[in-house]
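User: I'd like a close look at one part of this model, the charged side-chain pairs. Could you walk me through them in one go?

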Amino acid sequence: MSTTDLPLPVLRGGTDAVPTLAEGQTQTAKEFSSDQEVRWCPGCGDYAVLKAVQSFLPDLGLRRENIVFVSGIGCSSRFPYYLDTYGMHSIHGRAPSIATGIATSREDLSVWVVTGDGDALSIGGNHLIHALRRNVNMTILLFNNRIYGLTKGQYSPTSETGKVTKSTPVGSIDHPFNPVSLALGAEATFVARTIDSDRKHLTAVLAAAAAHRGTSLVEIYQNCPIFNDGAFDAIKDRDSAQHAIIPLVHGQPITFGVRDEETGLGDKALVRGTGGGVEVVETSSVAVEEIVVHDQANPDPSTAFAISRLTDSGYLNRSPIGIFRQVERATYDDQARAQVAAASDAAVGSAEDRLAALINAGDTWTIG
């Protein structure tokens, strides 16, 4: 299996209050492309993601003025400049917090966050996990190149232990984050992983993420050809990809490796482990009924978390790819708006009287 052969995810989605185009009206990828010169290093994976997003956005059927992209700091965070939508190149690590305010105050907007492994998981780690646990209506695209590219090649929170960089000349001693595990631990309602070079799979995952009501986090493996070239060779090379990629398809047994033409199963499979997690075995050594069937809609994230832990933190010789979790839960912004509406409905008296009562409520002090 190569990245281009990855099974497409099963789409499930919620409702959306964002206004759509008038009947018969269409948009093109060109209309979502700004007049700004795209400035990334030659060969950067960001180009592929940008093209995929520009081509995908018209399929949403939303008006451009009802779409907003918020980014932080880093190479990926130049994204809003290149889209002809509303957008903001914001503060280092704070994009999820700014997006939370936008989504809560403006139900009519489709809110997106574009961030990188350094921006989101270092200075922005606290902001990311709280957006995930709150389940705000936003889609977060986390570009993971496992290096600091904008500042010229220091190790990042996802760099493997032992990584030699300008800031770790004898090897990193940090234990890296697994972004998917982190998101599942924060009980995010939609968590997925895809690859910059697999346009078809990337677009399908983006479609599922955009349709989800709540916080969607999509980790995108993205190559940095200048400072961390080849970090994802194992899952991009046709010969090694079938052994390295563990494809996740809702309702299907999780197998990978060399496929049997008759059964369609790979020669490796996931089964329940003795310690409560999952482990890899030879498919021929177990009954089909013992193979773990992927259930992205399982309200308990334990199995999804166990699958995420199979990700190799060294040279990514093994990595699950697809949608790990997609469940429904009340969203932060919907509930906040409901509280405001309930308070407004219950209010009596003029607006001036209510404001005066609010200002003078609770503890007050008289000086002098």
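How many salt bridges does a search of the whole structure find?

Analyst: The search of the whole structure turns up 14 salt bridges, a salt bridge being a side-chain nitrogen of Lys or Arg within 4 Å of a carboxyl oxygen of Asp or Glu. Bear in mind that this is a predicted model, where local features need pLDDT of at least 70, side-chain atom pairs count only at pLDDT 80 or more, and totals for chains, interfaces and linings use all residues. Residues are numbered from 1 along each chain as its sequence is written, and side-chain values use heavy atoms, with hydrogens and water left out.

Let's start with aspartate 334, which pairs with arginine 213, their closest N and O atoms 2.9 Å apart. That pair links distant parts of the chain, 121 residues apart: aspartate 334 sits in helix 10 (residues 332-346), and arginine 213 in the loop between helix 6 and strand 6 (215-221). Helices here are DSSP runs of H or I with at least four residues, strands are runs of E with at least two, and both are numbered from the N terminus. Arginine 213 is buried at 14% relative accessible area, while aspartate 334 is partly exposed at 26%; buried means under 20%, exposed over 50%, and partly exposed in between (1.4 Å probe, protein chains only). Through shared partners, salt bridges join Glu107, Arg213, Asp333, Asp334 and Arg337 into one network.

Then there's aspartate 196 with lysine 236, closest N and O atoms 2.7 Å apart. Aspartate 196 lies in the loop between strand 5 (190-195) and helix 6 (199-211) and lysine 236 in helix 7 (residues 233-236), so this pair ties together parts 40 residues apart in sequence. Aspartate 196 is buried at 4%, whereas lysine 236 is partly exposed at 27%.
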